[in-house]
Amino acid sequence: MKEYFSDLWLDIQKNKGAVAGLLFVLLFMILAIIAPLISVYAPDQVIEGALRLPPGSRFQEHFFILGTDDIGRDLWSRLLYGARVSLLVGLSVVFISAGIGTTLGLLSGYYGGWLDRIVIRLMDFVMALPSVLFAIVIVAVLGPGLLNAILAVSIVALPNFTRLIRAQVLAEKNKPYVQAAHLYGASSLRILFKEILPNCIAPLIVQASLGFSDGVLNCAALGFLGLGAQAPTPEWGTMLSDARSYIETSPWMVNAPGICILVVVLSFNLFGDGLRDALDPRLKNRG
Amino acid sequence: MFLFFSKKALDMILTLVGITFVCFLMIRMVPGDPILLMIGERNIDKAAYEEAKHNLGLDKPVMLQFLDYVKKVIQGDLGTSIVSKAPVWEEFKERFPATLELSLVGLFFATFLAIPFGILAAVKKNTFFDYFLMGGSLAGYSMPIFWWGLALILIFSVHLGITPVSGRIAIEYDVPLATGLYLLDTLSKEVRAAEGFAPFWSALRHLILPSIVLGTIPLAIIARMTRSSFLEVLSEDYIRTARAKGMSESKVIFVHAFRNALIPIVTTLALCFGSIITGAILTETIFSWPGIGKWIVASLTSRDYPAIQGGILIIAFIIVVTNTLVDIIYIALNPRMKSALLT
């Protein structure tokens with residue numbers, strides 16, 4: 001297993017895009033984690049009179065590196081805490097959808113039969129609706145809010161994991177090492193989780209990275225439509241939506257969260273994409 | 001072949017029934033009394049309540065209610081909007097042309113740029129062009145289009161004053177609607193006689209920013225697909241043969257490679273339909289475009305459940321039917337798949 005990961009790391013290193021993506025991903029995670037240390041104010045702290053100040057403004061004894069919003073909150077602090085929200089959203093979406101999706105994919109690929117048919121039908125069904133629309137249906141039922149948005153986006157992301165793992169299991173389950181495990185009398189569960197699953201790790205990491213970016217983007221879109229996180233949560237999509245009416249006079253209020261979303265989503269996509277290329281044996285041989 | 005088509009048709013019908021069931025359940029799962037939700041009033045007396053319950057068929061067993069609902073849907077009755085009191089189907093029909101026009105122009109913009117970009121990246125593989133175009137396309141794919149739209153408004157409408165901020169056409173033009181597509185309707189004889197080409201230009205200018213915003217993600221997807229499809233084809237033996245024969249590079253690319261690379265591109269194009277609909281919801285919200293996306297969001301805000309239910313049902317139907325058609329066209333375009341099915 002250790003060898004497997006060191007090989008994986010070597011593959012990643014060869015791809016500049018993946019490395020750049022990974023660096024930004026790490027930077028984003030570090031910033032999110034140390035947000036309380038490097039933010040100047042609490043995310044919902046209102047500084048009276050400091051309304052919509054442009055980046056780099058001084059106001060009394062305060063200094064606002066990225067400016068303030070329409071009710072006098074420091075944008076830099078809000079964006080940092082927003083990174084925490086995005087990290088939480090991305091991780092939750094990936095954990096929920098990868099956890100359930102992987103289990104479903106393993107079981108349906110391994111056992112086949114009616115279970116497989118039901119799972120595949122359900123997944124086709126989720127995929128029939130575009131992601132944001134499906135999320136809208138779920139939010140319409142559960143009501144707006146960050147948790148419901150996360151749940152909705154996770155359900156939408158399920159088929160990606162289920163189909164990926166199922167295909168992987170179908171490819172692996174007739175290989176000699178699995179048959180050998182059978183002959184040794186290993187239980188189905190052991191074969192699934194100890195033998196087959198480790199061989200699905202690489203594509204799973206790729207999908208997790210792409211799933212993270214999709215999760216952040218979709219949750220931000222729901223936030224923008226007023227269906228995700230609600231004010232005063234410093235969620236980037238919601239912040240952007242609240243700042244919309246000030247686009248002409250205070251564009252920094254719109255641009256700062258927008259650029260944050262773009263950079264985070266782009267770095268996860270860059271990492272996932274580069275990793276996929278690095279792992280794809282067909283592309284590797286072609287040089 | 002027949003087996004394949006009947007399987008596809010069966011799949012489609014099953015998915016449609018499933019979607020209908022989810023939409024049917026949706027209203028019943030919303031917290032609160034479905035009867036009050038459906039009629040959209042809070043304080044009504046008991047007799048009126050019972051009457052509404054009977055009229056909505058909510059006094060019957062759930063399975064019968066579902067069958068009733070399916071029957072109604074098949075007859076085109078999707079219920080009545082709480083807000084406008086108009087039939088949901090009429091509301092949808094009124095707004096659909098706006099979304100259709102925006103989607104078509106957006107998709108046209110995306111394809112028009114994406115295919116040359118993809119070809120260029122494939123032909124100049126691993127050069128600056130390739131990295132630049134593919135980096136750009138990954139950025140496009142990662143774009144939060146709700147910010148992208150606002151940023152474009154800021155640059156082109158607020159600072160440069162080139163394009164309008166919202167709406168479909170300048171308010172002074174009253175265009176009689178025939179198709180509902182302004183680009184066509186403004187070119188009708190009577191409009192041209194009365195106002196010349198001014199309404200057409202106005203409609204076109206209103207379309208520029210929304211269609212760029214809507215087309216951005218499909219543009220990225222199609223460009224990447226074009227590149228990989230071309231790379232695949234360019235490594236084939238017949239391309240090597242064509243080059244060995246001394247054929248010019250442009251002929252190799254545009255005659256031999258292009259036709260074969262086109263199949264996956266066409267499929268991707270059609271499958272972008274889903275992301276177009278998602279994009280339309282966001283784009284229409286940003287540009288106050290009077291289409292179905294904006295309508296559904298507005299219905300959500302006003303808790304107009306019959307409208308949400310009906311709207312989502314129609315969109316899902318359109319998408320499922322399109323995807324099935326794409327599958328069939330894919331088979332028809334691809335002779336190899338056809339023979340594989342026949343044997």
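Me: Helix α6 (residues 131-142) and helix α7 (residues 146-172), both of chain A, pack at an angle of about 140 degrees, with their axes 9 Å apart. Why are α6(A) and α7(A) called oblique to each other?

Reply: This is a predicted model, in which local features need pLDDT of at least 70 and side-chain atom pairs count only at pLDDT 80 or more, while totals for chains, interfaces and linings use all residues. Axes are lines fitted to C-alpha atoms, for helices over the stretch in contact, and angles run from 0 to 180 degrees between N-to-C directions. Under 35 degrees counts as roughly parallel, over 145 as roughly antiparallel, 65 to 115 as roughly perpendicular, and the rest as oblique. The angle here is about 140 degrees, and α6(A) and α7(A) are therefore oblique to each other.

Me: Which residues of α6(A) and α7(A) meet?

Reply: Ser131(A), Phe134(A), Ala135(A), Ile138(A), Val139(A) and Leu142(A) in α6(A) meet Asn148(A), Ala149(A), Leu151(A), Ala152(A), Ile155(A) and Val156(A) in α7(A). Contact means heavy atoms within 4.5 Å. The residues of this contact divide into 10 nonpolar, two polar and no charged. Ala, Val, Leu, Ile, Met, Phe, Trp, Tyr, Cys and Pro count as nonpolar, Asp, Glu, Lys and Arg as charged, and the others, Gly among them, as polar.

Me: What makes Thr162(A) count as buried?

Reply: Thr162(A) is found in helix α7 of chain A. Buried means under 20% relative accessible area, exposed over 50%, and partly exposed in between (1.4 Å probe, protein chains only). Thr162(A) has 0% relative accessibility, so it counts as buried. Leaving aside residues up to four places away in sequence, Thr162(A) touches Gly101(A), Leu104(A), Gly105(A), Val119(A) and Met123(A).

Me: Why does Gly246(B) count as exposed?

Reply: The relative accessibility of Gly246(B) is 60%, and so Gly246(B) counts as exposed. Gly246(B) lies in the loop between α11 (237-244) and α12 (249-271) of chain B. Its C-alpha atom is 53 Å from that of Val165(B), and the two residues are 81 apart along the chain.

Me: How do you know that α5(A) and α1(B) are roughly perpendicular to each other?

Reply: Helix α5 (residues 113-128) of chain A and helix α1 (residues 2-29) of chain B pack at an angle of about 70 degrees, with axes 10 Å apart. The two helices are therefore roughly perpendicular to each other. The contact is made by Arg121(A), Phe125(A) and Ala128(A) of α5(A) and by Asp11(B), Leu14(B), Thr15(B), Gly18(B), Ile19(B) and Val22(B) of α1(B). By class, this contact has five nonpolar, two polar and two charged residues.

Me: How many helices and strands does chain A have?

Reply: Chain A comes to 13 helices and two strands. Helices (H or I, at least four residues) and strands (E, at least two) are DSSP runs, numbered from the N terminus. Chain B comes to 16 helices and zero strands.

Me: How many residues does chain A have, and what percentage of them are buried?

Reply: Of the 287 residues in chain A, 53% are buried. In chain B, buried residues make up 45% of 343. The C-alpha trace of chain A spans about 75 × 45 × 30 Å along its principal axes, and that of chain B about 85 × 60 × 40 Å. Residues are numbered from 1 along each chain as its sequence is written, chains are lettered from A and ligands numbered from 1 in the order in which they are written, and side-chain values use heavy atoms, with hydrogens and water left out.
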